[in-house]
Amino acid sequence: MNIYERFARQARSNPDASAVVDPDGEDITYAALDERARAVAAFLDSRTEPGDRVAAYMLDNPTVVATALGAWRAGCVFTPVNYRFGAEEVAYVLDDVAPEIVVHDAVFASTAEDALEVATVEPTVLQGHAGQFRSEAFGDPEDAPDPAKRLDDDTAIVMHTSGTTGDPKGVVQTHRNVGAQVEAGISTYDVTAEDTAVVSVPLFHVGGFHGATLMGLFTGGSVVIHPAWGAAEWARLVEESEATISGLVPAMMVDALGDESAREHDTSSLRMCFYGGSPATESTLQEFESAFGVDELLNYYGQTEAAGLTVAGTPETPRTEGALGRPVPTVEARVVDPDTGADCVDGENGELWLRGDSVMARYWEAPDRTDRAFDGEWFRTGDVVRRKDEVLYFVDRLDDIVLSGGEKVAPSRVESVLTEMDGIEAVAVFGTPDERLGEAVTAAIVGDDDLTADVVEAFCDDHAGLAGYEKPRRIEFVDSFPRTGSQKIDKTELVEQFE
């Protein structure tokens, strides 16, 4: 079924309810948002065929949502373009999906022009939609076609990964994939029409688009779209909208804790905040929960290739290092020895394999890459986990495991220990080439000015939680970390910086 119908049902039932809340302007009702979607669909009707791609290269704003809904109504495939990409990466994405239509902000006019000069495709381009929705640039809502028939296995979205390990990968998400994942999130987090969600994770990411925006719009709730990340602005939006839900990556939580102006806002209306994208230390979780008055902090584990949420924390999930939670009802999960393909016993580290309704069909126009990602029906996530008492625990990315002197070192374990040390604000651990060990465990640290490598080494030597081979052989101090578009620490760039 066309997932546009899930939104349309709410627009018919609750036309005057606020779909998008704007504390600084005018709220957009469900009826008004649907009118915008119909304007987009009317524009697309004579210019596209079902299955054609419609790309949105915009900052986070309600026009992105209207473009997606309108594309689905017209039977098209929505492709959000990472607005942190440079011209070459944007050109790669455009050539990859060959969209018929590109909608972009005026702020990206120069980058889009540069990208289109490099790209081989020649789509119709609309621009200048960063602010108010320009209905005159689209069509007459009254001319919108009836919602196109789309079956479960038809493509709804092609969403590209961040591209930190090579060219961005176009992930094909079907109408069933997206619908199943969003329903899993609604059920897991008890999202209702009474909820208001502040969306701070970008809309080109599953955590922002599927994990908050669509969950809200498919239940008749409200969303507040945060245009660009800022900790104080996030807290202000929560306070002024009396938001009940938000989602953050751990780096955002650290930003909020370090911003005194963010702490001044009353965010106690939050009944739940889910977090994911990278491990979060227990000390960060406890401090954030206390500082911002959040009733529950729940883990959200997922990947673009599984349309988002696949493993979720609940109030019963242990608050111990790496605890992710249990697989949601839409997927099956195995913990597998990546070398032998045999299932691991409880407590043993292995790669997480998934299959189910939300797992992608394939990578876009990349059969060889798709074949490498699957073992039969099972998608190989590339994440190392272990299972205990039915709860999955994150160990590290398979590609991030440091092979030092014949031993396997999980960076997340070393990071967890180092964050216990006074004076360290944030840390990233990775491997750098070493003639004797193969890879040296390397720690990049953001910390106090008087912090030295000798002090860090002494702390590690005295800490019972680190084996000798896990202790950093190389310590580097940085002012800040490079980030990916989804605000994760970009370890690929760090490795290149210190190789």
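Close-up 1. E240 is partly exposed, with a relative accessible area of 43% (buried means under 20%, exposed over 50%, partly exposed in between, with a 1.4 Å probe and protein chains only). This is a predicted model: local features need pLDDT of at least 70, side-chain atom pairs count only at pLDDT 80 or more, and totals for chains, interfaces and linings use all residues. Residues are numbered from 1 along each chain as its sequence is written, and side-chain values use heavy atoms, with hydrogens and water left out. The side chain of E240 forms a salt bridge with R236 at 3.1 Å, N to O (a side-chain nitrogen of Lys or Arg within 4 Å of a carboxyl oxygen of Asp or Glu). R236 and E240 sit 4 residues apart in helix 8, so about one helical turn separates them (helices are DSSP runs of H or I, at least four residues; strands are runs of E, at least two; both are numbered from the N terminus).

**Close-up 2. The E233 side of R236.** E233 and R236 also meet in a salt bridge, at 2.8 Å, N to O. They are 3 residues apart in helix 8 (residues 231-241), about one helical turn. R236 is buried at 16%, whereas E233 is partly exposed at 28%. A network of salt bridges links D24, E233, R236 and E240. The whole structure holds 23 salt bridges.

Close-up 3. The side chains of D383 and R397 pair at 2.8 Å, N to O. The pair links distant parts of the chain: D383 lies in strand 20 (residues 378-388) and R397 in strand 21, 14 residues apart. D383 is buried, at 4% relative accessibility. R397 is partly exposed, at 28%.

**Close-up 4. F394 in strand 21.** Strand 21 spans residues 391-397 and contains F394. F394 is buried, with a relative accessible area of 15%. Its C-alpha atom is 9.2 Å from that of N349, 45 residues apart along the chain.

**Close-up 5. A negative surface patch.** D422, E425, D448, D449, D450 and D479 form the patch (residues with over 30% relative accessible area and no salt bridge, like charges joined within 9 Å). D448 lies in the loop between strand 25 (438-447) and helix 14 (453-462). D448 is partly exposed, at 39% relative accessibility.

Close-up 6. C273 is buried at 0% relative accessible area. C344 is buried too, at 16%. The disulfide count is 0 (a disulfide is a pair of cysteine sulfur atoms within 2.5 Å).

Technical notes:
Patch = residues over 30% accessible without salt bridge, like charges linked within 9 Å, V, L, I, M, F, W, Y side chains within 5 Å. Areas by Shrake-Rupley, 256 points an atom, 1.4 Å probe, with all protein chains shown as cover. Lys, Arg positive; Asp, Glu negative; His and termini not counted. Charge placed at Lys NZ, Arg CZ, Asp CG, Glu CD.
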